[in-house]
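User: I am new to reading protein models. Can we go through this one together?

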Amino acid sequence: MIGKRLNDRYKIIRTIGSGGMANVYLAHDMILNRDVAVKMLRLDYVGDGDMLKRFQREAQSATSLAHPNIVSMYDVGDEDDYYYLVMEYVEGMTLKEYIKEFSPVSLDDAVKIMSQLTSAISHAHHNGIIHRDIKPQNILIDRDGTVKITDFGIAMALSATAMTQTNSVMGTVHYLSPEQARGGTASKKSDIYSLGIVMYEMITGRLPFEGESAISIALKHLQSELPHPSSYISNLPQSVENVILKSTAKDEFYRYRSADEMYDDLKTVLDISRENEPIFTVEPDLDATMAIPAIKNKLPLEEMQQTKPLEAQKTVVSPPVKEKEKKKRRKWPWITALVILFLLGTAGVMAAMGMFGPERIQVPDVVGEALEDAETIIEESGLTVGEITYESNDEVPEETVLRSSPKATRTLEEGEPVNLVVSSGKESVEVDGYIGRNFDNTEQLIREAGFENIVEEEEYNEAPAGTIIDQDPEEGEMVIPSETEFTVTISRGPQMAGVPDLTGLTEEELQAFEEESGLTVSVTREEYSDEIAAGGVISQNPEPGTELPIGGQVTVVVSRGAEPAPVNNVVVPVVIEYAQPEEPAEGEDPPEVPGDPEPQTITIYIADRDRTMDEPSEEFTITETVERTLRLVIEQGQTGSYRIERNGEVILEDSISYEENQ
């Protein structure tokens, strides 16, 4: 696509992003002379009717919105199989990249960003549009700190039919509201929930819910309580935490009633008077199903009679039966005595058997022994080695016994097992991933993970300067931090190249410049110039002396040569006469049979801006008198002329000045 022109207007410069259904390119509007972002539906979705409708819905949603914090939509078009949207180009980074670089975001900056987001979403809601996919990846921040929301690709107009998605859930699972996770209809309060999750991530630097699959994360949004941000950020004002808790309440009823209300709350959230306000809580649902404890207290007689079945009255025990029970109880003392005698006898027998039973052996002390030696000691004592388990230990060497069960000095019967706990050496930990984060903000986290030897390497990269672009060991590896050298490769930022003066360079020289410098040159237009020969560079942007990242672009205006002088198109009508044959002389007889007229050759010569008298302009034959129109192109201050010959003899000629027939 690079270099392609859409509808002879938008020239594709480079790719700036891609998504599930479309690719995004930086392009230049050749008519309005400005950079734009072109979002183009991927070719494999062109035949998908649902995708086309979704793509068109994004255009309809975005074009109905006009707000400083929403990316502007400029144009919608298609060419061949290319369907595209032309939008405002925001030069900066996504909020996701911003969080990675500055995590955790300061409270002042977080509140400023959230205020802009709630203002934008409020505008969309007032126009009947629900975004339904609010996430940091869809939020852009330009160089001035202005926030702009984009990607209304799954937005829904409230005026349209709001159909519940039962088999699919639209949106990104980490920022999905509970009602969307269960397949319900998204509402304005669904966007408010997603805004709360975005604010949570900015302030804590992490997502509230993680899981091995999208389903497990969605279930946490439905069932699990949101971890309080204050558990990760110390001294967090309660007012700030309350904004997050209120916007992410499971029940929509307890969330902010509108984005406007959330915006108003953010205005005063950092006021000192609100710093220690009561924590936001949701009232318990008294109508919810709950376990009822068993009733232990006896009911009043009246209530018992009301609830007891009639048949139960027939089962009341009569006094004679109770008398019989009393007689039975009198036999228990005899039974108790017999049991005691039996136990005493058994104990005596067991004591006697102990004298002749298996030998009891004292458990040897094997703590501190190597596992192989400990196994030998235990087996030589007459016992066996039971279950062996491993436990990490920073001080005891690997394969050394930490403890036994039973402990030493306890006794066991011959052949019984002794279980051992053995040191596995220093604890191995799973390496976290730090790629994409700012090193200065992340170095302490790496050290807290136990890595003492950190090696820093630098190289040029498109990532912002100071960003970690590679790490060794890699994320997920199991290592012993204190014994591992942790190498981080840090971006020095894009490699820069100086822009020289390109004035006068030809197309071939510009190609050589591109190969040597690593920069690209794009011709924006051509203009007449009396000073620069045709094909040479007249002007450039940026100016000479500017530095650009390798791969950056220089735009140039190319000369068409000197502007041609004004011309006068002169039209000259002429009559070319056919020369009649001569009459027979006196005494000569006329031809007996008159024949066809003999053809005569006409040659026309013209001298003007484009022609000279050296070559005929036109040549033909006639057999009768004809009329002809001559056209001369005469430049300002010049003279044109023509000459007409018949059979080599000049019959007409004239000169014409520029001013004639003006």
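User: Which residues of helix α8 are buried?

Analyst: This is a predicted model. In α8, residues 259–267, the buried ones are Ala259, Glu261, Met262, Asp265 and Leu266. Buried means under 20% relative accessible area, so each of these five residues falls below that cut-off.

User: What puts them on the same side of α8?

Analyst: The arc. They cover only 160° around the axis, so they lie on the same side of the helix.

User: What covers the buried residues of α8?

Analyst: The cover includes three other helices: α3 (107–126), α5 (188–204) and α7 (238–247).

User: How confident is the predictor in the protein, by mean pLDDT?

Analyst: The mean pLDDT is 82, on a scale from 0 to 100. Of the residues, 81% reach 70 or more. Over residues 156–170 the pLDDT is below 50, yet this stretch has 28 contacts beyond near neighbours in sequence. Residues 346–356 are also below 50, with zero such contacts in the model.

User: Why are β23 and β24 said to stand at the edges of their sheet?

Analyst: The open sheet has three strands in the order β23-β26-β24, with mixed pairing. β23 (520–527) and β24 (537–541) each have a single partner strand, so one side of each has no neighbour in the sheet.

User: In what sense do β23 and β26 pair, and over how many bridges?

Analyst: Parallel, over seven bridges. Two strands pair if there are at least two bridges between them, so seven meets the cut-off. Arg525 stands opposite Val557 in β26.

User: Which helix packs on the sheet?

Analyst: Helix α14, residues 507–517, touching β23, β24 and β26. Its direction makes about 155° with that of β23.

Methods. Residues are numbered from 1 along each chain as its sequence is written. This is a predicted model: local features need pLDDT of at least 70, side-chain atom pairs count only at pLDDT 80 or more; totals for chains, interfaces and linings use all residues. Side-chain values use heavy atoms; hydrogens and water are left out. Buried means under 20% relative accessible area, exposed over 50%, partly exposed in between (1.4 Å probe, protein chains only). Helices (H or I, at least four residues) and strands (E, at least two) are DSSP runs, numbered from the N terminus. The arc is that of the directions from the helix axis to the C-beta atoms. Contact means heavy atoms within 4.5 Å. Axes are lines fitted to C-alpha atoms, for helices over the stretch in contact, and angles run from 0 to 180 degrees between N-to-C directions.
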